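Thank you all for coming; I would like to walk you through one model this morning.

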Amino acid sequence: MHNFSPQSVGVCLLSLQIAAIAGVWLMRVGERTTLAHSLRGLFILTMLLLTIVTVLALMVKPESGISAGIVLAVVTVMAVIDFRQPVRR
């Protein structure tokens with residue numbers, strides 16, 4: 001197995017966490033536009049990469065588990081819950 005530097009894994013994890021939060025935000029903002037499908041694909045890609053790097057980070061740097069779990073939970077909630085105000089009739 002390769003020896004990954006804890007610092008480089010931490011930088012990758014932080015970068016992908018920021019990318020996932022930005023990706024989910026763009027996906028929610030881009031709903032009902034022509035870019036919706038592409039933004040959804042970008043979000044799924046960042047979530048897949050974030051999951052892989054999170055597992056790697058937990059093996060290399062176990063103390064990163066709490067923060068990684070919190071970010072994954074926030075991104076999941078942002079992707080699932082519709083924060084828009086209901087339309088009044």
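Predicted model: local features only at pLDDT ≥ 70, side-chain atom pairs only at ≥ 80, totals over all residues.

Residues are numbered from 1 along each chain as its sequence is written, and side-chain values use heavy atoms, with hydrogens and water left out.

Helices here are DSSP runs of H or I with at least four residues, numbered from the N terminus. H1 and H3, the latter spanning residues 65-80, pack at about 10 degrees with axes 9 Å apart, the axes being lines fitted to C-alpha atoms over the stretch in contact, and angles running from 0 to 180 degrees between N-to-C directions. The two are therefore roughly parallel, a term for angles under 35 degrees. Contact, meaning heavy atoms within 4.5 Å, involves Trp25 of H1 and Val71 of H3, among others. Turning to the patch, H2 gives the most to this nonpolar group, with 5 residues.

How values were computed. Parallel < 35°, antiparallel > 145°, perpendicular 65-115°, else oblique.
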